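Reader: I would like to learn how to read the features of a model like this one. Please show it to me, and then we can go through it piece by piece.

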Amino acid sequence: MNHRRPTDSELSLDTDTVIGDDSAMITQPYQLYVERTEPSKNMARYYSMTIEPTLFGTACLTRRWGRIGKMGQEKVHHFQREEDAVHLFLDVLRQKRARGYRPAGTNRVIRTA
């Protein structure tokens, strides 16, 4: 016999549902890690950013910065559209490049004997 269990709703978590592709999902990963070091000023800073999807299907831009080797600070921005997060990502990237931040390992002083 086929008995149906009583439920308090027509929407059940036990039913088989088909999950389709969501066009709102982030299409490519956005990640950045840059550093700025100036030994003469005792400066060793990092800046990182990532864009990731939230559980609600929106985009989240997370920015982290501080002294290399330390925890630093963090700021999180939530966006309804991925495009808005990408615009802020690219704006901040331009600002950091203008201030001398470069990919890790490219702005370090190499000493030879």
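Reader: Which residues have the most contacts inside the largest nonpolar core?

Author: The general idea comes before the case. In soluble globular proteins, nonpolar side chains tend to be buried together. A nonpolar core here is a set of buried Ala, Val, Leu, Ile, Met, Phe, Trp, Tyr and Cys residues joined through side-chain atoms within 4.5 Å. Buried means under 20% relative accessible area, exposed over 50%, and partly exposed in between, with a 1.4 Å probe and protein chains only. In this predicted model, the largest such core has 14 residues, and Y47, M49, I51, L61 and F89 have the most contacts inside it.

Reader: Which elements each supply at least two residues of this core?

Author: Elements are DSSP runs numbered from the N terminus: helices (H or I, at least four residues) and strands (E, at least two). Strand 1 (30-38), strand 2 (43-53), strand 3 (59-67) and helix 1 (82-98) each supply at least two core residues. Helix 1 gives the most, with 4 residues. The protein has 1 helix and 5 strands, in the order β-β-β-β-α-β from the N terminus.

Reader: What is L61 in contact with, beyond its neighbours within four places in sequence?

Author: Contact means heavy atoms within 4.5 Å. With those neighbours left aside, L61 is in contact with residues including M49, I51, V76, F79, L88 and F89.

Reader: How many aromatic pairs does a search of the whole structure find?

Author: Rings of Phe, Tyr and Trp (its six-membered ring) pair if their centres lie within 6.5 Å; planes under 30 degrees apart count as stacked, over 60 as edge-to-face and the rest as tilted. The search finds 4 pairs. One of them is Y30 with F89, whose ring centres are 5.7 Å apart and whose planes stand at 65 degrees, so the pair is edge-to-face. Y30 lies in strand 1 and F89 in helix 1, so the pair ties together parts that are 59 residues apart in sequence. Both Y30 and F89 are buried.

Reader: Why is the pair of Y47 and W65 stacked?

Author: The ring centres of Y47 and W65 are 6.0 Å apart and their planes are at 15 degrees, so the pair counts as stacked. Y47 is in strand 2 and W65 in strand 3, 18 residues apart. Their C-alpha atoms are separated by 4.3 Å. Together with Y101, Y47 and W65 form one aromatic cluster.

Reader: Are Y47 and W65 buried or partly exposed?

Author: Y47 counts as buried, at 4% relative accessibility. W65 counts as partly exposed, at 24%.

Reader: What average pLDDT does the protein have?

Author: pLDDT is the predictor's confidence in each residue, from 0 to 100. The protein averages 82, and 70% of the residues score at least 70. Where pLDDT is low, the predicted coordinates should not be read in detail.

Reader: What rules lie behind these values?

Author: Residues are numbered from 1 along each chain as its sequence is written, and side-chain values use heavy atoms, with hydrogens and water left out. Local features need pLDDT of at least 70 and side-chain atom pairs count only at pLDDT 80 or more, while totals for chains, interfaces and linings use all residues.
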